[in-house]
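Here are my notes on this one, point by point. Have the model open while you read.

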Amino acid sequence: METAGKGVSVNKEALVQVAEEVRQATGLPVGWRDVERTLGALRATRDLWEVVRLSRVPLRFLVPIWESLARRGLLRVEEGLDLLAEVPAPRPGEAACSACEGRGLVGERLPGRAAERFLAWAKGRPEAIQDFDQGYVTPESTLARVALAWSWGDLEGKEVLVLGDDDLTGLAAALTGLPKRVVVLDADPRIVRFLERAAKAEGLPLEAHVHDLREPLPEAWVHAFHTFFTDPVEGPLGLQAFVGRGLLALEGEGCAGYVGLTHVEASLAKWADFQRFLLENGAVITELRDGFHVYENWGYIEQMRAWSWLPVKRRPEKPWYTSALIRLELLRRADLENARVEGDLQDEEASTY
Ligand SMILES: [Fe+2]
């Protein structure tokens, strides 16, 4: 490995300086550990998308961090991202179980041959489109998420609500034959029609409705469910619209929610705000499994917000966008306001819409 140019030293102090510089320039909550994780990932790969996945640093932070490292002579950005110095940053270990991809659960064990039947349906799913900020997870991710809910007893005999369902979680849940009823709300009529067709063909207690989550939740769905699933838009208002509505839809104490949350578009400062929001509304996190959902690469990547920032304009060859799965449970009924959410659901940390 080449060594850094004369006068360039990389120690903890340098990591702190890079973080401070980026924080000043962008106003974003970048910390020294973000810089360390970036460097650690750069030790493992020169592929930009792999750095995103391995570093767990928001893409919005990575771009100015790479720029700062390049200015310091530590990084060369051409076809790939090449580290030019020995850096004191740990390489991220990759020790996930190959059978379950680290999730600890596999859909094959779900009842009702749900996995096999789900995979057949998923082949004919509507493609992800930018209008609704879509992007769906692999079928294995959807099935494992449903398997986690099964393992907690959040499916059998339960009324289940899915808020936004390009992942087809509602279909996978219904195919297990366990829930009493599954209701899916989605803004995209293509998804609603697809789910209705599947429900009819399979004779499932699954209904789907076109609904924009910025609008108040219709009264019939308030405090009417035992379990919800959602993958929120991750700005503060997005979390309010998706997770807030989910909490409001739950009957009360003992009901559960399953929420996806990324590092790609959410800093740890935002994670902290989100955890505070949950606690303030009577919800406790009972499981948090990082990297649980793996997203299929979507067609509109060159049109997404972050594309213009990228120092290396190459389409990803492997999945790179992942999210954690969080299970929460209510200690009391959540009485959130059911008003229309006004304003942008995205925030400064967003990169893929
Ligand atoms: Fe495993």
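1. Helices (H or I, at least four residues) and strands (E, at least two) are DSSP runs, numbered from the N terminus. This is a predicted model, where local features need pLDDT of at least 70, side-chain atom pairs count only at pLDDT 80 or more, and totals for chains, interfaces and linings use all residues. Residues are numbered from 1 along each chain as its sequence is written, and side-chain values use heavy atoms, leaving out hydrogens and water.

2. Now the sheet. Seven strands form an open sheet with mixed pairing, in the order β5-β4-β3-β6-β7-β9-β8. β5 (206-210) and β8 (283-294) sit at the edges with a single partner strand each, so one side of each has no neighbour in the sheet. From one strand to the next, the twist averages 15° (angles run from 0 to 180 degrees between N-to-C directions, and axes are lines fitted to C-alpha atoms, for helices over the stretch in contact).

3. Look for Leu 288, which stands opposite Ile 326 in β9. Helix α8 (residues 189-202) packs on the sheet, touching β4 (181-186) and β5, and its direction makes about 160° with that of β5; contact here means heavy atoms within 4.5 Å. Helix α10 (residues 268-280) lies across β7 (256-261), β8 and β9, at about 140° to β8.

4. Over to the helices: how do α1 (residues 12-26) and α2 (residues 32-44) cross? Their axes come within 8 Å and cross at roughly 110°. That makes α1 roughly perpendicular to α2 (under 35 degrees is roughly parallel, over 145 roughly antiparallel, 65 to 115 roughly perpendicular, the rest oblique). Lys 12, Leu 15, Val 16, Val 18 and Ala 19 in α1 meet Trp 32, Val 35, Glu 36 and Leu 39 in α2. Those contact residues split into 7 nonpolar, no polar and 2 charged (Ala, Val, Leu, Ile, Met, Phe, Trp, Tyr, Cys and Pro are nonpolar; Asp, Glu, Lys and Arg charged; the others, Gly among them, polar).

5. α1 also packs with α4 (residues 59-71), at an angle of about 125° and with the axes 10 Å apart. That makes α1 oblique to α4. On the α1 side the contact uses Val 18, Glu 21, Val 22 and Thr 26, and on the α4 side Arg 60, Pro 64, Ile 65, Ser 68, Leu 69 and Arg 71. The tally is 5 nonpolar, 2 polar and 3 charged.

Key. Pairing = 2+ DSSP bridges.
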